[in-house]
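This report goes through one protein model part by part. Have the sequence and the structure in view while reading.

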Amino acid sequence: MMSERAIRFLLVDDLPENLLALEALLQRDGLEIHKAHSASEALELMLQYDFRLAFVDVQMPGTNGYELAELMRGTELTREIPIIFVTAADQSEIRDFQGYEAGGVDFIFKPIDPVILRSKAEIFYRLASQANNLERQRDELREIAQARDLAIASLRAHADNSPLALIECDARLNVVSWSGGAERIFGVAPAKAIGRALAEAGCFPHDSLELFADWISSAGSQARHSAETVANGASGTINCEIYGSVVLDPAQGRPSLSLQILETTERHEAEKVRSLLVGELNHRIKNTLANVQAIMRQTLRTSSTLAGFNERFSGRLQSLARAHSILSDVTWSRASLGQLIEDQCAAGTLDRDRLELSGPEIALSPEVTLRLALILHELATNAAKYGALSRSSGRVHLSWTVRQSALQLSWRETGGPPVIAPVQLGFGSTLIESGVGDGEVAVSWQPEGVLWTIGIHSGFTVDMSQLSQQSDPDPATACHAEGFGACRVLLVEDEPLIAMDITDVLEDHGAQVVRLATSLEEALLAARTLDFDLALLDGNLRGAPVDVVAQTLRLRSIPFCFVSGYNREHLPRNFQDVPLLTKPVDPMRLIETLRQMRGLPAANARRAG
């Protein structure tokens, strides 16, 4: 296959031996020689190839050499091909004029002198070689220019699509380029910025402009700079991080400044929110710990026995923990009063079948939610121990309404033993009376049943449109469980105090902890090799998920339940049917869950407070 840039000569003669002789004299490396036996064949070759020189015999039958030259001058593709006429006739001015007029550039006379032939051919070969080099350089420059244009277009596209604002300025802080990112961030079109002073864009404060000038003046000593500033953006005041690069022109030594600007407004706002949340979390944790401390001290002060203290304090702590769980589900915004009551039923503090409810849907603030959780717990435990719920015929009527911008709750007991007003109120009653903040509490010790009236003036709303719909949980019966035999339990827990507490509860009710596993390896080995009846499985062990342990227990058909501080959605997904006990664990609910897992009947319900 012939090269497109090959140097080609065309030999035209009707005598084959003349063509062979010319070819032999002209043959050299880098030269392609084509031969034509007639004018028509020559024209056909000229339409296919680009020839740099044609040797044309003058005397040919049909169309002679001069006529061929005239035809070549009439076509654009062949007009520029140089022609050297080859003739056996003697040289004459008339013949020379005829040849030059036809378009020839020279003559070679027969018999041909090889030196003259090669000399004349060499001139055109060199001219063609130089033309090829120029064309090659032109093509290379075109390719370089195309690559440059593509690179510039790609850089411009990246600059326009980048979240950064890219701005270039000369030594006098006149804008040279203004990217699409700069237009999005600052709301200034490139046409209104390029060619003008950066100050005219109105984006940067005066001190930032002075800082940019200092960067330019430090050219040669420091090339990279960074700063933070507050600027005027498309939507108002924005925060920015600015990275500046000073570039020196290698030819003239003039500095220019390239600015890369990142808007950080959202990050600044997020940091403010994070700081606010951390402060709020710290506040709530301290308040919660203070409440727990107060509950512990007051419960201890009013308890005559350690068992009584443990029972009361554990119940109050459980109530507080469940209220926290409710608030966590609604991201500590507002909780439903109805959900708070149903949670007391699910925990076994209240019997849903012996409870009559009436009232509109109410949303409670986090503070009021925590207070009411403790109040409802105290009311329910007092009713179970002394009031209506201590007898099977007793009932509780809980109603609420909003009157004169206040939430009014009524707790009325009926069907219980005759009520006698206490000589001295205990901590539970004191907690009820002081738990409503700026509200008020009234109690009526009526013989047929006690009546508590609670007024709350703030921290609630009747508008429930933004509350998620909550399905009513099935009422659960938590009870003081009796011993259920020598049940062998595998306990998987990495917190020593929690493990000790659960072990004590299990042993108090006749169960035996066959192994305490504190790591994933120990738990997996015990789950595979030991003989036991039930397993209590922590949600994770030192950050490691317990899915493989749960799967091993399921394969062995050993009942187990999760004991975790995580909610259901954070536990292994393939075990949603497994019971979940939320930390801190209610001992009575723990025992009752284990009884249910063993298929034992529920113990007699009894809840003290």
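## Arg-196 and its loop

Arg-196 is partly exposed, with a relative accessible area of 41%. The scale behind that word calls a residue buried under 20% relative accessible area, exposed over 50% and partly exposed in between, using a 1.4 Å probe and protein chains only. Arg-196 sits in the loop between helix 6 (180-186) and helix 7 (206-217). Helices (H or I, at least four residues) and strands (E, at least two) are DSSP runs, numbered from the N terminus.

Leaving aside neighbours within four places in sequence, Arg-196 is in contact with Leu-173, Asn-174 and Val-175, where contact means heavy atoms within 4.5 Å. Arg-196 and Cys-169 are 27 residues apart in sequence, and their C-alpha atoms are 9.6 Å apart in space.

## Basis of the model

The model is predicted: local features need pLDDT of at least 70, side-chain atom pairs count only at pLDDT 80 or more, and totals for chains, interfaces and linings use all residues. Residues are numbered from 1 along each chain as its sequence is written, and side-chain values use heavy atoms, with hydrogens and water left out.

## The protein as a whole

The secondary structure comes to 16 helices and 25 strands. Of the 609 residues in the protein, 42% are buried. Among contacts between residues at least 6 apart in sequence, 60% join residues at least 24 apart.

A disulfide is a pair of cysteine sulfur atoms within 2.5 Å. By this rule the count is 0 disulfides. Cys-487 is buried, at a relative accessible area of 0%, and Cys-561 is buried, also at 0%.

## Ser-217 in helix 7

Ser-217 belongs to helix 7. Its relative accessible area of 58% makes Ser-217 exposed. From Ser-217 to Val-246 there are 29 residues in sequence and 9.3 Å in space, C-alpha to C-alpha.

## Helix 10

Helix 10 (residues 337-346) is mostly covered, with 9 of its 10 residues buried. Among the buried residues are Leu-337, Leu-340 and Ile-341, and also Glu-342 and Asp-343.

What reaches the backbone nitrogen of Gly-338 at the start of helix 10? A side-chain oxygen of Ser-336 comes to within 3.2 Å of that nitrogen. Just after helix 10, Gly-348 takes a positive phi of about 90 degrees.

## Helix 14 against helix 15

Two packed helices are described by the angle between their axes and the distance between the axes. The axes of helix 14 (residues 520-529) and helix 15 (residues 547-555) come within 9 Å and cross at roughly 5 degrees. Axes are lines fitted to C-alpha atoms, for helices over the stretch in contact, and angles run from 0 to 180 degrees between N-to-C directions. Helix 14 and helix 15 are therefore roughly parallel to each other. Angles under 35 degrees count as roughly parallel, over 145 as roughly antiparallel, 65 to 115 as roughly perpendicular and the rest as oblique.

From helix 14, Leu-520, Ala-523, Leu-524, Ala-527 and Arg-528 meet Val-548, Val-549, Thr-552 and Leu-553 of helix 15. By class, this contact has 7 nonpolar, 1 polar and 1 charged residues. Ala, Val, Leu, Ile, Met, Phe, Trp, Tyr, Cys and Pro count as nonpolar, Asp, Glu, Lys and Arg as charged, and the others, Gly among them, as polar.

Is Thr-552 buried or exposed? At 11% relative accessibility, Thr-552 counts as buried. Leaving aside neighbours within four places in sequence, Thr-552 is in contact with Leu-524, Ala-527 and Arg-528.

Technical notes. Polar contact = N/O pair within 3.5 Å; in protein donor to acceptor, adjacent residues only side chain to side chain.
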